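Here is a short report on one protein model. Please look over the sequence and the structure first, then read on.

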Amino acid sequence: MLTRSIAQSLNVNRAAPGAFGPVEPFFGLTGHAGLIGTEFTYRKDEEIYGEDEPAGYVYQVVRGAGRTYKLLSDGRRQIGAFHLPGDVFGLESSTKHRLAAEAIIDSTVRLVKRRSLEQAAGTDVRVAHKLWTMTADDLKRAEEHILLLGRKSAMERVANFLLEMDRRLTVAGTMALPMCRRDIGDYLGLTLETVSRALSQLNDEGVLGFSGARQIVLRNRQRLRNMDV
């Protein structure tokens with residue numbers, strides 16, 4: 001919820017660069033073509049925006065992590081995506097958000113007005129190309145997620161997730177996951193117990209090791225790739 005976050009963030013300083021270095025503002029678009037980005041902080045599990053709320057802004061994670069999700073009619077939660085530093089989200093084809101968004105951990109998020117982006121895209125081919133690229137990437141990720149949920153076994157889903165997070169999060173050989181196992185289950189369409197069993201099995205087989213509650217070291221990436229068929 002934007003108004004709540006603005007009220008809590010008026011005196012917050014700009015986020016310091018994290019393990020991945022400074023996040024380029026909207027791929028270098030802010031400050032270009034008159035675009036202005038504003039940063040706000042959100043506490044762990046705080047709502048960034050709700051499902052069906054007006055999609056007046058586009059968001060980028062500067063520090064921390066977020067999740068977009070939908071609550072199903074039976075009360076279950078389906079997470080559509082995890083958003084890590086540098087990721088842009090909340091860009092909609094309609095005037096309302098299809099999913100809700102929350103901060104997974106304490107996070108800093110940069111906001112740009114959607115109308116400003118659209119106006120800049122109408123006059124600047126560089127901005128238009130970036131928006132097209134973002135939209136195409138979102139569609140690709142959604143298609144891959146549908147395939148994962150519909151055609152892969154539980155172990156294949158977990159292997160796919162670990163390889164994805166390895167590409168996006170591993171620093172100095174260690175993958176520090178911001179999300180909990182329940183989040184992982186809701187993303188993969190699995191129960192918490194199934195995720196825990198799969199990770200324990202991979203640990204027993206020497207495919208991965210744990211250096212902390214959410215810190216994972218992959219010891220055999222090829223085995224994971226063979227599982228992710």
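Strand S4 (residues 66-71) and S5 run antiparallel and are joined by 6 bridges. Strands here are DSSP runs of E with at least two residues, helices are runs of H or I with at least four, and both are numbered from the N terminus. Two strands count as paired if DSSP finds at least two bridges between them. Leu71 has Arg77 in S5 as its bridge partner.

This is a predicted model, in which local features need pLDDT of at least 70, side-chain atom pairs count only at pLDDT 80 or more, and totals for chains, interfaces and linings use all residues. Residues are numbered from 1 along each chain as its sequence is written, and side-chain values use heavy atoms, with hydrogens and water left out.

S4 and S5 belong to an open sheet of 4 strands in the order S2-S7-S4-S5, with antiparallel pairing. Strand S2 (47-49) and strand S5 (77-83) are the edges; each has a single partner strand, so one side of each lacks a neighbour in the sheet. From one strand to the next, the twist averages 30°. Angles run from 0 to 180 degrees between N-to-C directions, and axes are lines fitted to C-alpha atoms, for helices over the stretch in contact.

| Strand pair | Bridges |
|---|---|
| S4 and S5 | 6 bridges |
| S4 and S7 | 4 bridges |
| S2 and S7 | 2 bridges |
| S10 and S11 | 3 bridges |

Glu102 in S7 is the bridge partner of Glu47. Glu102 in S7 is also the bridge partner of Arg67. In a regular strand, side chains alternate between the two faces of the sheet. In strand S7 (residues 100-103), Ala100 and Glu102 point one way, Ala101 and Ala103 point the other way, and all are buried. Buried means under 20% relative accessible area, exposed means over 50%, and partly exposed lies in between (1.4 Å probe, protein chains only).

Which helix lies across S4 and S5? Helix H5 (residues 181-188) does, running at about 105° to S5. Helix H4 (residues 154-169) packs with H5 at an angle of about 115°, and their axes are 11 Å apart. H4 and H5 are therefore roughly perpendicular to each other. That term covers 65 to 115 degrees; under 35 is roughly parallel, over 145 roughly antiparallel, and the rest oblique. In H4, Arg157, Val158, Phe161 and Glu164 meet Ile184, Tyr187 and Leu188 in H5.

A second topic is the sheet of S9, S11 and S10. These 3 strands form an open sheet in the order S9-S11-S10, with antiparallel pairing. Its edges are strand S9 (175-176) and strand S10 (208-210), each with a single partner strand, so one side of each has no neighbour in the sheet. Strand S11 covers residues 215-218. Gly209 stands opposite Val217 in S11.

Is Arg114 buried or exposed? Arg114 is buried, at a relative accessible area of 12%. Arg114 lies in helix H2 (residues 114-123). Leaving out residues up to four places away in sequence, Arg114 touches Ala55, Gly56, Tyr57, Val58, Glu92, Ser93, Ser94 and Thr95. Contact means heavy atoms within 4.5 Å. The Arg114 side chain reaches the backbone oxygen of Ala55 at 3.5 Å.

Now the whole protein. There are 7 helices and 11 strands. Of the 229 residues, 42% are buried. Among contacts between residues at least 6 apart in sequence, 74% join residues at least 24 apart.

Conventions:
A polar contact is a pair of N or O atoms within 3.5 Å; within protein, one must be able to donate a hydrogen and the other to accept it, and residues adjacent in sequence count only if both atoms are side-chain atoms.
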